Structures are given as structure tokens and as C-alpha cells.
Amino acid sequence: MPTCLTIDDLMQAARECSRGVKWKASVASWVAPCHLAANCLKLWRELDGGSYRLSDYVTFEITSPKRRVIRSPRFRDRVVQRAMCNRGLYRDLTRSNILDNAACQIGKGTLFAQERLAGMLREHWRHHGNAGWCLRLDVRHFFDSLPHGGLKAMVARQVRNPEFAARVEEVIDSFPDPGIGLGSQISQLLAIAYLSPLDHFVKERLGIQAYVRYSDDIVMVHHDREHLRRAWDVVREMLDGLGLSLNPKSTLYPLRHGVDFLKFKFRLSATGKVVRILNRRSPHRILKRLKGLLRKFREGSRSWDDVLNCFNSWKAHAEQGNSNTKTRRIRQWLMQQY
């Protein structure tokens with residue numbers, strides 16, 4: 001089947017995929033002005049002639065904030081996936097998502113999810129004050145548990161282009177069943193879309209408007225504890241039907257204790273102000289990371305700019321909340337080490 005993608009589609013996708021990673025020699029050579037057109041032409045011929053196959057993934061492990069195995073596609077495969085997304089695949093996989101499904105979508109992200117939660121807490125305070133309950137749910141081994149059969153059924157329903165549907169199924173089949181790997185744009189889109197029926201049920205059938213989901217992290221806020229308890233049972237049953245299960249750390253607790261979400265704790269003050277502070281682990285992590293970089297700086301294997309870049313990256317994250325005192329103290333400590 002001839003491909004509906006054009007060489008221009010592939011060139012545009014290659015430019016987008018190379019942003020921020022041109023320091024990698026393999027990427028820089030692929031998108032260099034003297035090679036880009038030839039590489040895209042070769043890739044297009046493979047796609048159009050039916051000889052294109054996914055390459056092996058680049059597999060590596062990260063340990064922060066927790067240990068995960070990342071399976072990243074080769075650059076040429078990322079180009080094909082980005083080109084398909086640009087040509088309609090992204091729209092097909094996200095068109096049924098609710099606004100508060102906040103991960104891995106254009107115009108969304110962690111800050112968007114945090115602002116949505118803060119707005120929901122302020123709205124709750126206007127009607128119920130600080131009285132209420134928070135239900136925090138987490139899907140157990142989310143990416144590693146996604147069933148291929150359920151994902152393929154979703155693709156068949158939502159993806160309108162037969163070529164794209166076939167290529168997405170190829171991506172799904174490239175991972176052991178169950179599970180799909182972190183690191184691929186299509187994997188991320190499949191994961192966030194898979195729980196979309198759950199989002200609609202909670203919002204529309206259970207009537208819980210203070211609901212936000214970031215990937216597999218779910219937060220609900222409601223004034224009625226028993227209503228959230230019933231919602232917990234319903235979510236457990238729905239996940240079981242989707243081939244997933246809840247993490248044992250899921251919990252229901254009074255709203256006055258604050259809401260832990262995306263590395264911040266959200267608290268409602270007596271006047272309805274939402275105070276957003278870093279969780280306790282974040283400063284410890286950055287101090288451990290900085291101490292390691294400082295040791296390498298003194299050994300001569302890292303520059304002072306590397307140390308500052310690490311701190312400034314964390315500082316930009318911390319400044320999303322009310323954490324000026326913590327960032328100032330860590331900066332003062334860091335300057336003393338120079």
C-alpha cells in the first residue's frame with residue numbers, strides 16, 4: 001500500500017524531532033542540510049515500497065524519581081511517528097480526551113495539570129470551604145500492564161487512516177504483551193487515550209467535576225466521602241475490565257491534609273488561597289544530585305556550568321509553587337561550595 005506521507009512531511013517531522021537533541025552526533029548528521037533531503041527520500045521510498053520496518057529500540061534505565069526502563073525509538077522511527085501524528089494520528093488519538101486528561105498533549109503538561117487542580121480546589125472552597133475529601137488513585141505498573149488487545153481495539157475505533165492504524169499496531173507488537181514502552185510519542189498517546197472512557201464516566205456519570213488525570217495519576221476531590229468511596233469501587237471495576245489494576249498506595253483522606261500531585265502538595269488556606277509547596281523528597285533529591293556533580297567538578301570531569309544548569313533546571317520546577325525559601329537556601333549552600 002503506497003504511503004500517504006510525503007517527503008515534505010518527513011522533512012518537517014525530522015526538524016521537529018531534532019529540536020533540543022542536535023548535540024547528538026547521530027541526530028546532527030541525519031538532519032544536516034547536506035543529508036536531510038537524501039535521508040528523507042530514502043525513508044519515503046521504504047515507506048512507499050512497503051519495506052520499512054521498525055528498528056530495534058535504544059534501551060536504558062533511569063532511576064529518578066523511580067527506576068524505569070526506557071525504550072526509545074531510533075531517530076528515523078521517531079520521524080515517521082511524528083509525521084503520522086502531524087498528518088492526523090494525533091488528532092485521532094486525542095479527540096475524545098477530556099480537558100482534564102493533562103499529559104503529553106499540545107498545550108498541556110504538568111503545569112497545566114497543576115493549574116487545573118488549583119482551580120478545582122478554589123471552586124470547592126467557594127461551596128464547601130476546607131471540608132471535603134481527596135481520592136488519589138494510581139494504576140499499578142501502568143505502561144507495563146497495557147494489554148495489546150485492548151490497545152488495538154481502541155486504534156481500530158479511533159484511527160481513521162488504515163495505513164496509520166497498521167503502523168500503530170506494528171508499534172504495539174514491537175513490545176512484549178502486555179505492556180508498551182516509555183519513550184515513544186505513539187506509546188504516550190496510546191496510554192493516555194486508553195483510560196479516556198474512565199475519565200468520561202467519572203465526570204459525566206458520577207458527576208465528579210474536581211477530577212484531573214496525568215497519565216496514571218488520578219486525583220478526585222468531593223465533599224461527600226461515601227461518593228468518593230463508591231467512585232473508588234467503580235474505577236477498580238472499570239480498570240479490571242481494561243486489564244489493569246490499582247496500585248495499593250491509592251488512598252482516600254481528608255482534604256485538610258493537602259493534595260499530593262506531581263511532586264507538589266496543594267493546601268487550601270482558611271481564606272481559599274491554594275498554597276503549592278514542593279514535596280519533601282524534592283529538595284533531598286536535588287541536593288544529592290548537586291553533591292554528585294560537585295564531586296565530579298572538583299575531580300575535573302564536570303564544569304561549574306554543569307552544576308549551575310542542574311540547579312537552575314530544578315529551580316524552574318520549584319518556582320511553579322510557593323518554594324522561594326527552599327530554593328534560596330539551596331542556592332546559598334551551592335554558592336558556598338564554589
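This is a predicted model: local features need pLDDT of at least 70, side-chain atom pairs count only at pLDDT 80 or more; totals for chains, interfaces and linings use all residues.

Biologist: How many residues has the largest nonpolar core, and which have the most contacts inside it?

Modeller: In soluble globular proteins, nonpolar side chains tend to be buried together. Here the largest nonpolar core has 105 residues, and those with the most contacts inside it are W30, L89, L121, L190, M220, V259 and F261. Helix α4 (residues 75-94) supplies the largest share of this core, nine residues. As for M220, its contacts beyond four places in sequence include W133, V202, Y211 and L228.

Biologist: Against which helices do the buried residues of α1 pack?

Modeller: They pack against α2 (25-31), α3 (36-49) and α4. The buried residues of helix α1 (residues 7-17) include L10, M11 and A14, and also D9 and E16.

Biologist: Is D199 buried or exposed?

Modeller: Buried means under 20% relative accessible area. D199 has 0% relative accessibility and therefore counts as buried. This residue lies in helix α10 (residues 196-205), and its side chain makes a polar contact with the side chain of Y211 at 2.5 Å. Leaving aside residues up to four places away in sequence, D199 touches I98, N101, Y211 and R213.

Biologist: In what order do the three strands of the open sheet lie?

Modeller: The order is β7-β8-β9, with antiparallel pairing. The edge strands, β7 (259-261) and β9 (274-278), each pair on one side only. Three bridges join β7 to β8 (residues 264-268), and V259 stands opposite F266 in β8. V259 is also among the core residues with the most contacts.

Terms used: Residues are numbered from 1 along each chain as its sequence is written. Side-chain values use heavy atoms; hydrogens and water are left out. Helices (H or I, at least four residues) and strands (E, at least two) are DSSP runs, numbered from the N terminus. Buried means under 20% relative accessible area, exposed over 50%, partly exposed in between (1.4 Å probe, protein chains only). A polar contact is a pair of N or O atoms within 3.5 Å; within protein, one must be able to donate a hydrogen and the other to accept it, and residues adjacent in sequence count only if both atoms are side-chain atoms. Contact means heavy atoms within 4.5 Å. A nonpolar core is a set of buried Ala, Val, Leu, Ile, Met, Phe, Trp, Tyr and Cys residues joined through side-chain atoms within 4.5 Å. Two strands pair if DSSP finds at least two bridges between them.
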